[in-house]
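Welcome, and keep your viewer open beside this text. We will hop from one selection to the next and look at what is there.

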Amino acid sequence: MRKAMTPVTALTEAAARINDRNLAERLPRSGNGDEVDQLTAVFNDMTARLDTSFNRIREFTLHASHELKLHSP
């Protein structure tokens, strides 16, 4: 049973290391097309979308801050 859970354990540990500073990193896929590999692909797609969103928020905040500095007394 332990051997069967090894890919799930590895995926869990890799996913636990994801944070707002490393969203561009991707979880390793096995490439065998099983359910765990498909779940990994979904996680990778989700973190890619989150990375895009975080970057947009950072850019918006940077531009807004710059505009506020330009127009403040």
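Start by selecting Thr40: leaving aside residues up to four places away in sequence, Thr40 touches Leu11, Leu27, Pro28 and Arg29, where contact means heavy atoms within 4.5 Å. This is a predicted model, in which local features need pLDDT of at least 70, side-chain atom pairs count only at pLDDT 80 or more, and totals for chains, interfaces and linings use all residues. Residues are numbered from 1 along each chain as its sequence is written, and side-chain values use heavy atoms, with hydrogens and water left out.

Thr40 sits in helix α2 (residues 35-70); helices are DSSP runs of H or I with at least four residues, numbered from the N terminus. Thr40 counts as buried because its relative accessibility is 3% (buried is under 20% relative accessible area, exposed over 50%, partly exposed in between, with a 1.4 Å probe and protein chains only).

Next, go to Ala24, in the loop between α1 and α2. Is Ala24 buried or exposed? Ala24 is exposed, because its relative accessible area is 53%. Show Asp51 as well: the C-alpha atoms of Ala24 and Asp51 are 6.3 Å apart, although 27 residues separate the two along the chain.

Last stop: select Val8, which is in helix α1 (residues 2-16). With a relative accessible area of 31%, Val8 is partly exposed.

How values were computed:
Helix = DSSP H or I, 4+ residues; strand = E, 2+ residues; numbered from the N terminus.
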